Amino acid sequence: MSAAAKHRLRKTRQAARAGADRANAPPGPKYLPGDPGFRGTRTQEIDAMIRVDQAGEYGAQRIYEGQLRILGEGRHGAVLRHMQEQEQAHLDAFNKVMTERRVRPTALHPIWHAAGYLLGAGTALMGEKAAMACTVAVEETIDEHYRSQHDALPEEEAELKAMIERFRQEELEHRDIGLEHGAEGAPAYPVLYGAIKRASKLAIWLSERI
Ligand SMILES: [Fe+2]
Ligand SMILES: [Fe+2]
């Protein structure tokens, strides 16, 4: 047999094997999570909501921890502690839901641990008003985020919906505290506000996916 004929024969056998493999392959999902075009099931979508919320509340708690490290003894200490305690309660609630539903936490946890604290401490070092500007930007982002989740959740998730709505009201309270304590008087407020808001949105986007 000529080399060319052998080559053709080999190719024909390979093609036949590949066809058989395809035919014998178990039926699988068309897309896997992370593939472009993947639309998760309802449960996966709700799991992702819980994952991002737990990450967000963890990050928020770390922001206030960072701010308290710098401003804890100052005149805004009490109000910062009040907000941190509420974030801790939000976090505890999402931790509980996560355990009950066996939702895995975001793999970015160590990043939010550091980034949250640095954002809190960094803005606090810029001054009390900058710390409050950070609160306004973050809490406003969370308000929008919780609002859209609340609308997207089905009626069967009444308990989770109510919890999100309750937390959203408290996040709005935090935003108002920020505004009442001079957030808008922070140096370069529009720039600072815009940058933190964009960073918060990116953190949400990443925590939903990773
Ligand atoms: Fe919160
Ligand atoms: Fe908050």
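Two residues are in contact here if their C-beta atoms, placed from the backbone, lie within 7 Å. Keep that in mind as we walk through this predicted model, where local features need pLDDT of at least 70, side-chain atom pairs count only at pLDDT 80 or more, and totals for chains, interfaces and linings use all residues. Residues are numbered from 1 along each chain as its sequence is written, while chains are lettered from A and ligands numbered from 1 in the order in which they are written.

Let's start with the overall picture. The protein chain has seven helices and zero strands (DSSP runs numbered from the N terminus: H or I of at least four residues for helices, E of at least two for strands). Of the contacts with a separation of 6 or more, 80% join residues 24 or more positions apart.

Now look at α2 (residues 42-71) and α5 (residues 128-152), which pack at an angle of about 170 degrees with their axes 12 Å apart. Axes are lines fitted to C-alpha atoms, for helices over the stretch in contact, and angles run from 0 to 180 degrees between N-to-C directions. So α2 is roughly antiparallel to α5, a label for angles over 145 degrees. On the α2 side you'll find Met49, Gly56, Ala60, Ile63, Gln67 and Leu71, and they meet Glu128, Ala131, Cys134, Val138, Ile142 and Gln149 of α5.

Next, head for the inside. A nonpolar core is a set of buried Ala, Val, Leu, Ile, Met, Phe, Trp, Tyr and Cys residues joined through C-beta atoms within 7 Å, and buried means that 20 or more other C-beta atoms lie within 10 Å of a residue's own, again placed from the backbone. The largest such core has 26 residues, and Ala133, Cys134 and Val138 have the most contacts inside it. Helix α5 gives the most to this core, with ten residues. Leaving aside neighbours within four places in sequence, Val138 touches Ala60, Ile63, Ile196 and Ser200, in the contact sense. Apart from this core lies another, of nine residues, including Met49 and Trp112.

Finally, find α3 and α6, which pack at an angle of about 160 degrees, their axes 11 Å apart. That angle is why α3 counts as roughly antiparallel to α6. Val79, Met83, Gln86, His90 and Ala93 of α3 make the contact with Met163, Phe167, Glu170, His174 and Ile177 of α6.

Key. Angles under 35 degrees count as roughly parallel, over 145 as roughly antiparallel, 65 to 115 as roughly perpendicular and the rest as oblique. A residue is buried if 20 or more other C-beta atoms lie within 10 Å of its own, exposed if 12 or fewer, and partly exposed in between; C-beta atoms are placed from the backbone.
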